[in-house]
Amino acid sequence: MECELCQIRERDELVLYQDKEVVIALKDTVVTPGQITVYPKEHITILEMVSDNILMRCSELANKVSIAAFESLGSQGTNIVVR
């Protein structure tokens, strides 16, 4: 079974941003409208395997995306969920 996040990364129309370490993308199915997913580019199966610098990069980008959504969409707030 192929990884859902790896499949998303392969679909350019869903990718909002990527660098050598992290991907920011939309998903076809979401828990809440406006959901944006931030995740490591490297396929990692459990959180404990993600290096501290990649976790920090994901957190920094998630915060920036939250600010952009809040300011540009007039959101009343944002949620960041670690899965």
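The model is predicted, with local features requiring pLDDT of at least 70 and side-chain atom pairs counting only at pLDDT 80 or more, while totals for chains, interfaces and linings use all residues. Residues are numbered from 1 along each chain as its sequence is written, and side-chain values use heavy atoms, with hydrogens and water left out.

Me: Why is the structure said to hold 0 disulfides?
Reply: A disulfide is a pair of cysteine sulfur atoms within 2.5 Å. The sulfur of Cys3 has its closest cysteine sulfur in Cys6, at 3.9 Å, and is therefore too far away for a bond. The count is accordingly 0.

Me: What makes Cys6 buried?
Reply: Buried means under 20% relative accessible area, exposed means over 50%, and partly exposed lies in between (1.4 Å probe, protein chains only). Cys6 has a relative accessible area of 13%, so this residue is buried.

Me: Why does Cys3 count as partly exposed?
Reply: The relative accessibility of Cys3 is 25%, so Cys3 is placed in the partly exposed class.

Me: Which residues make up the largest nonpolar core?
Reply: Such a core is a set of buried Ala, Val, Leu, Ile, Met, Phe, Trp, Tyr and Cys residues joined through side-chain atoms within 4.5 Å. Here the 7 residues are Val22, Ile24, Val50, Ile54, Cys58, Leu61 and Val65. A second, separate core has 6 residues, including Ile8, Leu14, Ala25 and Tyr39.

Me: What does Leu61 touch, not counting residues up to four places away in sequence?
Reply: Contact means heavy atoms within 4.5 Å. On that basis Leu61 touches Tyr17, Asp19, Val22, Ile24 and Val38.

Me: Why is Thr37 called buried?
Reply: Its relative accessibility is 13%, and Thr37 therefore counts as buried. Thr37 is found in strand β3. Leaving aside residues up to four places away in sequence, Thr37 touches Leu5, Val23, Ile24, Ala25 and Lys27.

Technical notes
Helix = DSSP H or I, 4+ residues; strand = E, 2+ residues; numbered from the N terminus.
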